[in-house]
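Q: I've just loaded this one and would like to go through it with you. Could you start with a local detail and then work outwards?

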Amino acid sequence: MAQEGGGHPLLRGGTKQRKYHHGLSSSQIRSLAAICEAFIPPISPHPDLKPTPNQAVRSFYSASGSQYPIPQEVAERMMKRYPADPVFFLRVILILLSTKLGTLLICGFICLDTKWPFIHSFSDLDVNKREKILQRWSNTHKSLIPMRVVFVMVKLMCFFIFFSLTNENSENPSWEAIGYDGRRPNDGPVKPRKQRPLDKGVVETEKESDATFMELVKSKGLEVKDSEDGFYDIECDVVIVGSGCGGGVAAAVLASAGHKVVVVEKGHYYVPEDYSLLEGPSLNELYENGGLLSTLDGKITIFAGSTVGGGSAVNWSAAIKTPDDVLDEWAVEKKIPMFGTSDYRSAMEVVCERIGVTQNCKEGFQNNVLRRGCENLGLMVETIPQNASENHYCGSCCYGCKTGDKKGTDSTWLVDAVENRAVIFTGCKAERFVFEENGGRKRCRGVLVTAESSTITRKLRIKARVTVSAAGSLLTPPLMVSSGLTNRHIGRNLHVHPVLLAWGYFPPVPGTPDGKCYEGGIITSLHKVKSAGEPSNRAIVEAASMGPASFAALFPWVSGADMKDNLLKYPRITKLFSLVRDQSSGQVREEGKITYRLNDIDKENMRVGLRQALRILVAAGAEEVGTFRNDGQHIKSKGIKSSDLEEFLDTVTAPGGPKSRVEKWTVYCSAHQMGSCRMGCNEDEGGVDVNGESWEAKGLFICDGSLLPTALGVNPMITIESTAYCVSKKICQALEKGKFSD
């Protein structure tokens with residue numbers, strides 16, 4: 001629980017004296033520090049910089065990426081969060097760069113000198129030479145793609161750490177210079193309360209030990225035994241893995257029907273007064289892989305919630321109902337009857353009412369830009385409903401809603417579940433489902449779980465009549481595969497709603513929208529990009545929430561000076577993205593190992609959407625606009641002629657990722673994952689049946705975004721919750737009929 005005035009210890013940030021465990025040698029750290037300094041070099045402000053730099057700005061320009069403890073923190077985070085193969089390669093490169101011959105091999109003749117010692121190691125090179133080497137790595141020849149991977153790995157982490165690392169006062173030395181307030185005021189509760197909404201039903205295993213665990217579980221109304229084969233056996237009617245949009249709804253529906261429900265969640269439980277709004281610790285604690293998850297090729301950065309409430313605790317509050325054309329497609333073409341019923345439409349109404357959906361949330365700077373640009377171009381712009389009050393002006397819900405205004409499952413459905421005697425185990429990771437072989441179709445009997453606490457020495461064996469996997473589209477398939485299920489659709493057909501980002505700079509002058517990019521509702525406006533005469537969308541354009549660390553990590557680096565110049569503009573840079581309802585798909589059959597390949601149709605639609613986003617920014621009055629392509633593609637747009645703008649837009653593409661064999665590349669993003677264990681009318685069409693039950697294991701259901709038959713095309717919260725509601729109701733009906741009494 002929060003400490004008064006500071007937030008939860010895990011979300012509070014602050015640099016502490018600590019022992020690092022990255023395993024890099026002093027010579028490797030020296031090479032890494034030299035790379036970080038080349039990315040963020042100490043320089044003087046441009047003499048024409050306006051307004052005249054104050055002390056904070058001068059300090060910002062003189063700061064270096066090599067300053068302690070930045071390289072150590074970068075190394076620690078990379079070793080913990082990046083996949084093993086690229087980390088091994090990075091270690092080798094850092095060793096080579098610490099030697100003269102290795103530097104000559106990797107960097108070429110730029111490390112030669114006419115004076116002794118004639119050849120320099122990387123860290124001994126002048127910072128300007130190191131910068132040129134990094135520029136070469138970014139735009140490297142196709143035969144040296146691995147060096148581009150090193151460039152991306154270090155660049156992303158270096159800038160993320162530089163702009164998110166805080167001191168004991170939760171302050172970062174760069175924030176004043178760039179105009180960012182990482183501890184924004186709020187109107188929500190700030191003092192710890194006597195009891196949190198889920199307290200009477202939550203078991204926070206990370207705080208428990210063998211000495212306390214059994215008695216605590218018994219006090220929650222569950223039967224628990226210390227079995228002879230080394231497990232804590234816990235019995236219930238229904239066990240649910242995951243507490244997000246799917247799991248939270250399922251828990252509420254099943255518990256309210258009188259069933260004893262257990263929810264297993266690997267993340268931790270936080271309430272509004274716990275949240276610090278600090279970008280670094282919030283991403284680290286509330287997101288999958290600390291907010292640093294990507295496809296194996298590094299092309300798509302993936303954001304997925306990992307806390308009690310899942311994605312609903314950290315999403316951007318967009319509450320959009322399933323589009324009619326999508327429902328028709330799923331019901332008719334995909335032959336999933338549920339989506340064509342009045343029950344499903346009623347479920348959407350129930351969901352919207354429970355999570356407090358409103359229609360006219362107050363807009364902030366970025367959404368004002370989107371709306372103004374569309375109106376100036378004569379384009380349609382829609383208002384996006386929010387699961388928060390109309391006065392909600394948080395802007396930071398991606399780090400947890402500190403005002404408590406946003407209604408995620410942690411403050412709605414899970415509260416309902418706990419009121420009906422459900423028990424939520426946090427800090428618990430599901431390992432595999434427990435099956436009983438019946439000579440044909442398996443019978444699911446529960447799940448094996450490992451507690452995070454090192455002082456709980458036994459695993460949990462949760463026995464249930466019905467087991468529900470609601471771990472999300474990235475974790476449900478690996479759990480099913482590791483449990484021995486073999487349907488070919490499990491872990492395939494993964495859709496991610498890939499996005500490309502555009503940016504526009506609006507100097508704070510009369511005639512431009514007021515505010516800063518991190519203030520106000522995150523997504524309150526939407527523009528649908530269509531082709532003439534076509535009913536379906538080619539893409540949608542929405543605003544993106546990005547703290548300075550995430551922004552700097554993804555923004556194109558062309559030089560140290562250019563990066564610092566652009567970060568000074570951060571508060572007045574609007575980020576819009578082009579999102580497509582992807583026909584492309586990927587795979588995730590092993591945890592953390594995600595593959596995805598964009599097809600030409602999706603690339604073209606994304607390109608069309610990206611160009612439209614740039615037009616909108618220009619029409620709204622942007623002084624300068626650009627993309628996130630590695631070469632820093634941009635144009636001065638104030639007063640630009642239409643012909644010149646269109647000429648620039650002709651150069652805007654949907655390029656490949658860092659490993660593509662082209663000089664110009666980019667990084668895509670995804671905050672929506674779905675379809676990786678889709679419903680199907682038969683085993684050849686889906687991983688589960690039309691009721692969400694596994695074809696291979698009786699009593700095992702899926703209740704998350706992985707159920708969706710195809711990509712959705714809009715923010716999926718309402719669709720996932722409504723689908724989970726319908727599936728849960730069917731489970732209730734089956735239990736009442738005694739189907740799972742065996």
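A: Gladly, and please keep in mind that this is a predicted model. At the start of helix 2, the backbone nitrogen of Ala56 has a side-chain oxygen of Asn54 within 3.1 Å.

Q: OK, and which residues of helix 2 are buried?

A: In helix 2, which covers residues 55-62, the buried residues are Ala56, Val57, Phe60 and Tyr61.

Q: What do they pack against?

A: The buried residues of helix 2 pack against helix 7, against helix 8 (175-178) and against helix 18 (560-567).

Q: Let's move to helix 4. How many residues has it, and how far does it reach?

A: Helix 4 runs over residues 84-97, which is 14 residues, and from its first C-alpha to its last it reaches 20 Å, close to the 20 Å expected at 1.5 Å a residue.

Q: Which of its residues are buried, and where around the axis do they sit?

A: Val87, Leu90, Ile93, Leu94 and Leu97 are the buried ones in helix 4. They cover an arc of only 120° around the axis, which puts them on the same side of helix 4. On the other side of helix 4, Ala84, Asp85 and Phe88 are exposed.

Q: Why would a spacing of three or four places give that kind of pattern?

A: An α-helix has 3.6 residues a turn, so residues three or four places apart point the same way.

Q: And what does the buried side of helix 4 pack against?

A: The buried residues of helix 4 pack against several helices, namely helix 1 (26-39), helix 3 (70-81), helix 5 (100-107), helix 6 (127-138) and helix 7 (145-164).

Q: Now the core. Which residues in the largest nonpolar core touch the most other members?

A: That core has 244 residues, and those touching the most other members are Leu32, Phe39, Trp137, Phe213, Ile240, Phe425 and Ile462. Helix 7 supplies the largest share of this core, with 15 residues.

Q: Take Leu32, then. What does it touch?

A: Not counting residues up to four places away in sequence, Leu32 touches Leu24, Pro71, Val74, Ala75, Met78, Leu94 and Val154. Leu94 in that list is also one of the buried residues of helix 4.

Q: Switching to charges: how many salt bridges does the structure hold?

A: There are 32 salt bridges in the structure. One of them joins the side chains of Glu204 and Lys207, at 3.3 Å from N to O; Glu204 is buried, with a relative accessible area of 9%, whereas Lys207 is partly exposed at 47%.

Q: What about Glu363 and Arg371, buried or exposed?

A: Both Glu363 and Arg371 are buried, and they form a salt bridge in which the closest N and O atoms are 3.0 Å apart.

Q: And where do Asp742 and Arg445 lie?

A: Those two form a salt bridge as well, with the closest N and O atoms of Asp742 and Arg445 being 4.0 Å apart. Asp742 lies in the segment after helix 21 (717-736) and Arg445 in strand 11 (residues 442-451), so the pair ties together parts that are 297 residues apart in sequence. Salt bridges that share partners join Asp742 and Arg445 with Glu436, Arg443 and Lys698 into one network.

Q: Last one: what is Thr467 in contact with?

A: Leaving aside neighbours within four places in sequence, Thr467 is in contact with Val239, Phe433, Cys444, Arg445, Gly446, Gly699, Leu700 and Phe701. Thr467 has its place in strand 13 (residues 466-469) and is buried, with a relative accessible area of 0%.

Terms used
Residues are numbered from 1 along each chain as its sequence is written. This is a predicted model: local features need pLDDT of at least 70, side-chain atom pairs count only at pLDDT 80 or more; totals for chains, interfaces and linings use all residues. Side-chain values use heavy atoms; hydrogens and water are left out. Helices (H or I, at least four residues) and strands (E, at least two) are DSSP runs, numbered from the N terminus. The expected span of a helix is 1.5 Å times one less than its number of residues. Buried means under 20% relative accessible area, exposed over 50%, partly exposed in between (1.4 Å probe, protein chains only). The arc is that of the directions from the helix axis to the C-beta atoms. Contact means heavy atoms within 4.5 Å. A nonpolar core is a set of buried Ala, Val, Leu, Ile, Met, Phe, Trp, Tyr and Cys residues joined through side-chain atoms within 4.5 Å. A polar contact is a pair of N or O atoms within 3.5 Å; within protein, one must be able to donate a hydrogen and the other to accept it, and residues adjacent in sequence count only if both atoms are side-chain atoms.
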